[in-house]
Amino acid sequence: MSILVREVTKHFGPQKALDNVSFEVKTGEIVGFLGPNGAGKSTLMKIITGYIPASSGEVFVNDLDVETNISEVKRQIGYLPENNPLYPEMYVREYLGFVASIYNNPGPKKTQIDNIIEVTGLIPEQNKKIGSLSKGYRQRVGLAQSLIHNPAVLILDEATTGLDPNQIVEIRNLIREAGKEKTILLSTHIMQEVEAICDRVIIIDKGVIVANEEKSNIYSVISQPKQIITIEFDNPIEKSALEEINNVKTVKQINDKSWLIEAEGEEDIRPALFSFAVSNKIMVLALQKQENNLEEVFRRLTSG
Ligand code: ADP
Ligand code: MG
(Lines give C-alpha, C1' and ligand atoms only; values in the text may rest on other atoms or scores of the structure.)
(Ligands and ions follow the chains in the order given, each with its own letter.)
Protein backbone atom coordinates (compact mmCIF):
# COMPACT_ATOMS: atom_id res chain seq x y z
CA MET A 1 0.00 0.00 0.00
CA SER A 2 1.54 3.31 -1.04
CA ILE A 3 -0.83 5.71 0.71
CA LEU A 4 -3.16 4.85 3.54
CA VAL A 5 -5.44 7.57 4.92
CA ARG A 6 -7.37 6.43 7.96
CA GLU A 7 -10.20 8.40 9.58
CA VAL A 8 -8.55 11.77 9.03
CA THR A 9 -10.38 14.83 10.35
CA LYS A 10 -9.07 18.38 10.12
CA HIS A 11 -10.51 21.39 11.91
CA PHE A 12 -9.65 25.00 11.11
CA GLY A 13 -11.11 26.70 14.18
CA PRO A 14 -14.81 25.91 14.11
CA GLN A 15 -14.68 24.66 10.50
CA LYS A 16 -14.34 20.96 9.70
CA ALA A 17 -12.35 20.93 6.43
CA LEU A 18 -12.01 17.11 6.46
CA ASP A 19 -14.50 14.81 8.11
CA ASN A 20 -13.38 11.24 8.85
CA VAL A 21 -11.69 10.68 5.48
CA SER A 22 -10.37 7.18 4.72
CA PHE A 23 -8.95 5.66 1.53
CA GLU A 24 -5.99 3.77 0.12
CA VAL A 25 -3.85 4.21 -2.94
CA LYS A 26 -2.18 1.02 -4.10
CA THR A 27 1.34 0.91 -5.49
CA GLY A 28 1.39 1.90 -9.17
CA GLU A 29 -2.09 3.42 -9.22
CA ILE A 30 -2.90 6.86 -10.62
CA VAL A 31 -5.76 8.15 -8.51
CA GLY A 32 -7.70 11.33 -9.22
CA PHE A 33 -8.85 13.30 -6.21
CA LEU A 34 -11.79 15.24 -7.54
CA GLY A 35 -13.91 17.88 -5.87
CA PRO A 36 -15.22 21.43 -6.13
CA ASN A 37 -13.21 24.35 -4.76
CA GLY A 38 -13.06 24.31 -0.99
CA ALA A 39 -13.83 20.57 -0.77
CA GLY A 40 -10.64 19.83 1.20
CA LYS A 41 -8.31 18.44 -1.49
CA SER A 42 -5.31 20.67 -0.77
CA THR A 43 -5.76 20.28 2.97
CA LEU A 44 -5.58 16.50 2.70
CA MET A 45 -2.55 16.68 0.40
CA LYS A 46 -0.72 18.89 2.90
CA ILE A 47 -1.50 16.33 5.60
CA ILE A 48 -0.29 13.40 3.47
CA THR A 49 2.97 15.21 2.69
CA GLY A 50 3.47 16.17 6.33
CA TYR A 51 3.19 19.94 5.88
CA ILE A 52 0.29 20.28 8.30
CA PRO A 53 -0.92 17.84 10.96
CA ALA A 54 -4.34 16.19 11.01
CA SER A 55 -6.62 17.01 13.95
CA SER A 56 -7.22 13.27 14.27
CA GLY A 57 -6.63 10.12 12.25
CA GLU A 58 -3.53 8.59 10.67
CA VAL A 59 -1.67 8.68 7.37
CA PHE A 60 0.88 6.12 6.19
CA VAL A 61 3.11 6.50 3.14
CA ASN A 62 4.85 3.27 2.12
CA ASP A 63 3.93 1.93 5.57
CA LEU A 64 5.62 4.86 7.32
CA ASP A 65 3.52 6.87 9.76
CA VAL A 66 3.74 10.45 8.45
CA GLU A 67 3.52 11.92 11.93
CA THR A 68 6.54 10.07 13.31
CA ASN A 69 8.68 9.60 10.13
CA ILE A 70 8.33 12.97 8.49
CA SER A 71 11.83 13.30 7.00
CA GLU A 72 11.81 9.79 5.55
CA VAL A 73 8.30 10.33 4.15
CA LYS A 74 9.46 13.54 2.44
CA ARG A 75 12.21 11.54 0.71
CA GLN A 76 9.70 9.07 -0.64
CA ILE A 77 7.16 11.67 -1.82
CA GLY A 78 7.35 14.17 -4.64
CA TYR A 79 4.95 17.05 -4.04
CA LEU A 80 3.73 19.73 -6.40
CA PRO A 81 1.79 22.15 -4.19
CA GLU A 82 -1.17 24.15 -5.41
CA ASN A 83 -0.07 27.38 -7.15
CA ASN A 84 3.41 25.87 -7.56
CA PRO A 85 5.43 28.27 -5.40
CA LEU A 86 8.85 28.81 -6.99
CA TYR A 87 11.72 31.27 -6.64
CA PRO A 88 11.29 33.69 -9.58
CA GLU A 89 14.81 35.12 -9.20
CA MET A 90 16.52 31.74 -9.50
CA TYR A 91 17.59 30.15 -12.78
CA VAL A 92 15.93 26.86 -13.72
CA ARG A 93 19.05 24.71 -13.49
CA GLU A 94 20.25 26.52 -10.36
CA TYR A 95 16.86 25.99 -8.67
CA LEU A 96 16.74 22.29 -9.50
CA GLY A 97 20.29 21.91 -8.18
CA PHE A 98 19.21 23.66 -5.01
CA VAL A 99 16.21 21.33 -4.57
CA ALA A 100 18.37 18.27 -5.28
CA SER A 101 20.90 19.40 -2.68
CA ILE A 102 18.20 19.29 -0.03
CA TYR A 103 17.84 15.56 -0.64
CA ASN A 104 21.46 14.64 -1.45
CA ASN A 105 24.44 14.43 0.76
CA PRO A 106 27.01 15.84 -0.02
CA GLY A 107 25.59 17.40 -3.21
CA PRO A 108 23.44 16.76 -6.24
CA LYS A 109 24.83 14.75 -9.12
CA LYS A 110 25.02 16.67 -12.39
CA THR A 111 23.56 13.69 -14.29
CA GLN A 112 20.55 13.70 -11.98
CA ILE A 113 19.77 17.31 -12.86
CA ASP A 114 20.51 16.79 -16.58
CA ASN A 115 18.18 13.82 -16.57
CA ILE A 116 15.25 15.62 -14.95
CA ILE A 117 15.69 18.65 -17.22
CA GLU A 118 15.47 16.35 -20.22
CA VAL A 119 12.51 14.32 -18.94
CA THR A 120 10.46 17.43 -18.24
CA GLY A 121 11.35 19.10 -21.56
CA LEU A 122 13.25 21.97 -19.94
CA ILE A 123 16.46 21.84 -21.99
CA PRO A 124 15.78 25.07 -23.94
CA GLU A 125 14.76 26.93 -20.76
CA GLN A 126 17.34 25.60 -18.32
CA ASN A 127 19.41 28.78 -18.20
CA LYS A 128 16.50 31.19 -17.89
CA LYS A 129 15.16 32.81 -14.77
CA ILE A 130 12.05 31.04 -13.44
CA GLY A 131 10.22 34.38 -13.31
CA SER A 132 10.62 34.82 -17.07
CA LEU A 133 9.05 31.47 -18.00
CA SER A 134 5.52 30.92 -19.31
CA LYS A 135 3.04 29.31 -16.92
CA GLY A 136 3.39 25.99 -18.78
CA TYR A 137 7.16 25.97 -18.34
CA ARG A 138 6.89 27.04 -14.70
CA GLN A 139 4.63 24.03 -14.20
CA ARG A 140 7.29 21.83 -15.78
CA VAL A 141 9.81 23.24 -13.30
CA GLY A 142 7.33 22.39 -10.53
CA LEU A 143 7.06 18.83 -11.80
CA ALA A 144 10.84 18.63 -12.17
CA GLN A 145 11.37 19.65 -8.53
CA SER A 146 8.82 17.05 -7.43
CA LEU A 147 10.58 14.30 -9.41
CA ILE A 148 14.21 15.17 -8.78
CA HIS A 149 14.81 12.74 -5.91
CA ASN A 150 13.08 9.93 -7.84
CA PRO A 151 10.28 9.47 -5.31
CA ALA A 152 8.03 6.41 -5.45
CA VAL A 153 4.93 8.47 -4.69
CA LEU A 154 3.83 11.71 -6.39
CA ILE A 155 1.28 14.12 -4.94
CA LEU A 156 0.18 16.69 -7.51
CA ASP A 157 -2.18 19.46 -6.43
CA GLU A 158 -4.05 20.96 -9.41
CA ALA A 159 -1.07 20.47 -11.71
CA THR A 160 -2.81 21.76 -14.84
CA THR A 161 -4.95 24.58 -13.42
CA GLY A 162 -4.42 27.85 -15.25
CA LEU A 163 -2.69 26.33 -18.27
CA ASP A 164 -3.83 26.72 -21.86
CA PRO A 165 -5.10 23.62 -23.72
CA ASN A 166 -1.76 22.80 -25.35
CA GLN A 167 0.09 23.15 -22.07
CA ILE A 168 -2.52 20.95 -20.37
CA VAL A 169 -1.91 18.17 -22.90
CA GLU A 170 1.85 18.43 -22.40
CA ILE A 171 1.68 18.35 -18.61
CA ARG A 172 -0.79 15.44 -18.68
CA ASN A 173 1.61 13.52 -20.91
CA LEU A 174 4.42 14.14 -18.44
CA ILE A 175 2.21 12.92 -15.59
CA ARG A 176 1.20 9.81 -17.53
CA GLU A 177 4.84 9.10 -18.30
CA ALA A 178 5.81 9.49 -14.62
CA GLY A 179 2.85 7.27 -13.71
CA LYS A 180 4.38 4.30 -15.50
CA GLU A 181 6.74 3.81 -12.58
CA LYS A 182 5.19 5.79 -9.76
CA THR A 183 2.13 5.90 -7.57
CA ILE A 184 0.28 9.18 -8.15
CA LEU A 185 -2.45 11.00 -6.27
CA LEU A 186 -3.51 14.08 -8.20
CA SER A 187 -6.15 16.59 -7.25
CA THR A 188 -8.29 18.40 -9.75
CA HIS A 189 -11.64 20.08 -10.10
CA ILE A 190 -11.70 19.13 -13.80
CA MET A 191 -13.54 15.95 -14.64
CA GLN A 192 -11.80 15.45 -17.98
CA GLU A 193 -8.49 15.34 -16.19
CA VAL A 194 -9.57 12.19 -14.37
CA GLU A 195 -10.90 10.64 -17.57
CA ALA A 196 -7.62 11.44 -19.32
CA ILE A 197 -5.12 10.24 -16.74
CA CYS A 198 -6.48 8.23 -13.83
CA ASP A 199 -7.22 4.59 -13.01
CA ARG A 200 -9.48 5.44 -10.12
CA VAL A 201 -11.37 8.45 -8.84
CA ILE A 202 -12.07 9.57 -5.30
CA ILE A 203 -14.67 12.33 -5.12
CA ILE A 204 -14.73 14.66 -2.11
CA ASP A 205 -17.37 17.23 -1.25
CA LYS A 206 -17.35 19.47 1.83
CA GLY A 207 -14.65 17.36 3.47
CA VAL A 208 -16.51 14.06 2.99
CA ILE A 209 -15.64 11.28 0.51
CA VAL A 210 -18.74 10.71 -1.62
CA ALA A 211 -17.33 8.19 -4.12
CA ASN A 212 -14.28 5.96 -4.48
CA GLU A 213 -14.43 3.88 -7.65
CA GLU A 214 -12.42 2.42 -10.48
CA LYS A 215 -12.84 4.79 -13.39
CA SER A 216 -14.76 2.13 -15.32
CA ASN A 217 -17.16 1.63 -12.38
CA ILE A 218 -17.90 5.22 -11.58
CA TYR A 219 -20.94 5.32 -13.83
CA SER A 220 -22.61 2.61 -11.78
CA VAL A 221 -22.68 5.11 -8.92
CA ILE A 222 -25.62 6.57 -10.78
CA SER A 223 -28.38 4.12 -9.94
CA GLN A 224 -30.18 4.11 -13.30
CA PRO A 225 -28.41 4.05 -16.61
CA LYS A 226 -29.90 6.95 -18.50
CA GLN A 227 -29.78 8.03 -22.11
CA ILE A 228 -30.24 11.61 -23.15
CA ILE A 229 -31.01 12.21 -26.81
CA THR A 230 -31.65 15.36 -28.81
CA ILE A 231 -33.51 14.67 -32.02
CA GLU A 232 -34.72 16.84 -34.86
CA PHE A 233 -37.47 15.75 -37.31
CA ASP A 234 -38.40 17.39 -40.61
CA ASN A 235 -41.98 17.96 -39.42
CA PRO A 236 -43.75 18.79 -36.16
CA ILE A 237 -45.18 15.85 -34.24
CA GLU A 238 -47.26 15.31 -31.10
CA LYS A 239 -45.33 15.13 -27.84
CA SER A 240 -47.56 12.31 -26.63
CA ALA A 241 -46.52 10.15 -29.59
CA LEU A 242 -42.89 10.33 -28.45
CA GLU A 243 -43.86 9.63 -24.86
CA GLU A 244 -45.47 6.35 -25.93
CA ILE A 245 -42.19 4.91 -27.22
CA ASN A 246 -40.98 2.08 -25.01
CA ASN A 247 -38.42 3.13 -22.30
CA VAL A 248 -38.88 6.85 -22.97
CA LYS A 249 -39.12 8.58 -19.61
CA THR A 250 -39.39 12.30 -20.30
CA VAL A 251 -39.85 14.40 -23.43
CA LYS A 252 -39.08 18.10 -23.63
CA GLN A 253 -39.73 20.26 -26.67
CA ILE A 254 -36.74 22.38 -27.78
CA ASN A 255 -38.50 24.00 -30.78
CA ASP A 256 -41.32 22.96 -33.12
CA LYS A 257 -39.28 20.12 -34.64
CA SER A 258 -36.59 19.37 -32.03
CA TRP A 259 -36.92 17.35 -28.85
CA LEU A 260 -34.88 16.37 -25.80
CA ILE A 261 -35.64 12.80 -24.81
CA GLU A 262 -34.59 10.95 -21.67
CA ALA A 263 -34.82 7.18 -21.78
CA GLU A 264 -34.21 4.47 -19.20
CA GLY A 265 -32.89 0.95 -19.49
CA GLU A 266 -29.84 -0.74 -20.98
CA GLU A 267 -31.26 -0.95 -24.50
CA ASP A 268 -30.16 1.76 -26.94
CA ILE A 269 -33.20 3.94 -27.60
CA ARG A 270 -32.01 5.21 -30.99
CA PRO A 271 -33.29 2.35 -33.20
CA ALA A 272 -36.75 2.80 -31.64
CA LEU A 273 -36.64 6.50 -32.52
CA PHE A 274 -35.78 5.71 -36.14
CA SER A 275 -38.62 3.12 -36.40
CA PHE A 276 -40.92 5.71 -34.88
CA ALA A 277 -39.97 8.17 -37.63
CA VAL A 278 -40.40 5.59 -40.37
CA SER A 279 -43.84 4.48 -39.18
CA ASN A 280 -44.96 8.11 -38.88
CA LYS A 281 -43.56 8.97 -42.30
CA ILE A 282 -41.27 11.70 -41.02
CA MET A 283 -37.52 12.04 -41.36
CA VAL A 284 -34.82 12.28 -38.72
CA LEU A 285 -32.65 15.29 -39.63
CA ALA A 286 -30.35 15.08 -36.64
CA LEU A 287 -29.85 12.86 -33.63
CA GLN A 288 -27.33 13.28 -30.88
CA LYS A 289 -26.70 11.11 -27.87
CA GLN A 290 -25.32 12.86 -24.82
CA GLU A 291 -22.72 10.64 -23.20
CA ASN A 292 -23.07 9.90 -19.53
CA ASN A 293 -19.77 11.36 -18.51
CA LEU A 294 -17.83 11.82 -15.31
CA GLU A 295 -18.95 15.41 -15.23
CA GLU A 296 -22.52 14.30 -14.77
CA VAL A 297 -21.58 11.82 -12.06
CA PHE A 298 -19.68 14.57 -10.34
CA ARG A 299 -22.62 16.98 -10.46
CA ARG A 300 -24.95 14.37 -9.06
CA LEU A 301 -22.64 13.53 -6.19
CA THR A 302 -21.57 17.01 -5.16
CA SER A 303 -23.23 20.25 -4.51
CA GLY A 304 -20.55 22.09 -6.50
P1 ADP B 1 -9.68 22.53 -2.09
O2 ADP B 1 -8.21 22.31 -2.24
O3 ADP B 1 -10.50 21.30 -2.29
O4 ADP B 1 -10.17 23.66 -2.94
P5 ADP B 1 -8.91 23.35 0.58
O6 ADP B 1 -8.35 22.10 1.18
O7 ADP B 1 -7.96 24.37 0.12
O8 ADP B 1 -9.96 22.96 -0.57
O9 ADP B 1 -9.88 24.05 1.64
C10 ADP B 1 -10.89 23.34 2.33
C11 ADP B 1 -11.56 24.27 3.31
O12 ADP B 1 -10.67 24.56 4.38
C13 ADP B 1 -11.94 25.63 2.70
O14 ADP B 1 -13.16 26.01 3.22
C15 ADP B 1 -10.81 26.54 3.15
O16 ADP B 1 -11.25 27.86 3.26
C17 ADP B 1 -10.45 25.95 4.49
N18 ADP B 1 -9.04 26.17 4.82
C19 ADP B 1 -7.97 25.66 4.15
N20 ADP B 1 -6.81 26.04 4.72
C21 ADP B 1 -7.14 26.82 5.77
C22 ADP B 1 -6.39 27.52 6.78
N23 ADP B 1 -5.05 27.47 6.83
N24 ADP B 1 -7.09 28.20 7.71
C25 ADP B 1 -8.44 28.24 7.69
N26 ADP B 1 -9.21 27.62 6.79
C27 ADP B 1 -8.58 26.90 5.84
MG1 MG C 1 -6.92 23.17 -3.51
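Visitor: What classes of residue make up the shell around ligand 1?
Guide: Four nonpolar, six polar and one charged. Nonpolar here means Ala, Val, Leu, Ile, Met, Phe, Trp, Tyr, Cys or Pro; charged means Asp, Glu, Lys or Arg; the others, Gly among them, count as polar.

Visitor: What kind of model is this?
Guide: This is a predicted model, in which local features need pLDDT of at least 70, side-chain atom pairs count only at pLDDT 80 or more, and totals for chains, interfaces and linings use all residues. Residues are numbered from 1 along each chain as its sequence is written, chains are lettered from A and ligands numbered from 1 in the order written, and side-chain values use heavy atoms, with hydrogens and water left out.

Visitor: OK, which residues are around ligand 1?
Guide: Phe12, Gln15, Ala17, Pro36, Asn37, Gly38, Ala39, Gly40, Lys41, Ser42 and Thr43. To count, a residue needs a heavy atom within 4 Å of the molecule.

Visitor: Which element gives the most to that shell?
Guide: Helix 1, with three residues. Strand 2 (15-25) and helix 1 each supply at least two. Helices (H or I, at least four residues) and strands (E, at least two) are DSSP runs, numbered from the N terminus.

Visitor: Which residues make polar contacts with an oxygen atom of ligand 1?
Guide: Among them are Gln15, Gly38 and Ser42. An N or O atom in the Gln15 side chain is 2.8 Å from a ligand oxygen. Gly38 uses a polar backbone atom, at 2.7 Å. Ser42 brings a polar side-chain atom to 2.9 Å. A polar contact is a pair of N or O atoms within 3.5 Å; within protein, one must be able to donate a hydrogen and the other to accept it, and residues adjacent in sequence count only if both atoms are side-chain atoms.

Visitor: How much of ligand 1 does the protein cover?
Guide: 63% of the 560 Å² of accessible area that ligand 1 has on its own. Areas come from the Shrake-Rupley method with a 1.4 Å probe; for residues, only the protein chains shown count as cover.

Visitor: And the magnesium ion, what are its protein donors?
Guide: Ser42 (OG) and Glu82 (OE), lying 2.0 to 2.5 Å from ligand 2. Ser42 lies in helix 1 (residues 41-48) and Glu82 in the loop between strand 6 (77-80) and helix 3 (92-103), so the pair ties together parts that are 40 residues apart in sequence. Donors are N, O and S atoms within 2.8 Å of the metal (3.2 Å for Na, K and Ca); water is not among the atoms, so sites may look incomplete.

Visitor: Is Ser42 buried or exposed?
Guide: Ser42 is buried, at 13% relative accessible area. Glu82 is partly exposed, at 35%. Buried means under 20%, exposed over 50%, partly exposed in between (1.4 Å probe, protein chains only).

Visitor: What about Thr43, buried or exposed?
Guide: Buried, at 11%. Thr43 lies in helix 1.

Visitor: New topic. What is the strand order in the open sheet?
Guide: 2-1-4-5, four strands with antiparallel pairing. Strand 2 and strand 5 stand at the edges with a single partner strand each, so one side of each is left without a neighbour in the sheet. Two strands pair if DSSP finds at least two bridges between them.

Visitor: How many bridges join strand 1 and strand 2?
Guide: Seven. Phe12 stands opposite Gln15 there, and Val5 has Phe23 as its bridge partner in strand 2. Both Phe12 and Gln15 also belong to the ligand 1 shell.

Visitor: What does the hairpin of strand 1 and strand 2 have between its strands?
Guide: Two residues, and Gly13 takes a positive phi near 55°.

Visitor: How many bridges join strand 1 to strand 4?
Guide: Five, between residues 3-12 and residues 56-61. Leu4 stands opposite Phe60. Strand 4 then pairs with strand 5 (residues 64-65) over two bridges, with Val61 facing Leu64 as bridge partner. In that hairpin, Asn62 has a positive phi near 45°.

Visitor: Where is Asn150, and what is its phi?
Guide: In the loop between helix 5 and strand 7 (153-157). Its phi is about 50°, positive although Asn150 is not a glycine. Most residues other than glycine have a negative phi. Asn150 is exposed, at 57% relative accessible area.

Visitor: Last one. Where is Ser146, and what does its side chain reach?
Guide: Ser146 is in helix 5 (residues 135-147). Its side chain reaches the backbone oxygen of Leu143 at 2.7 Å. Ser146 is buried, at 0%.
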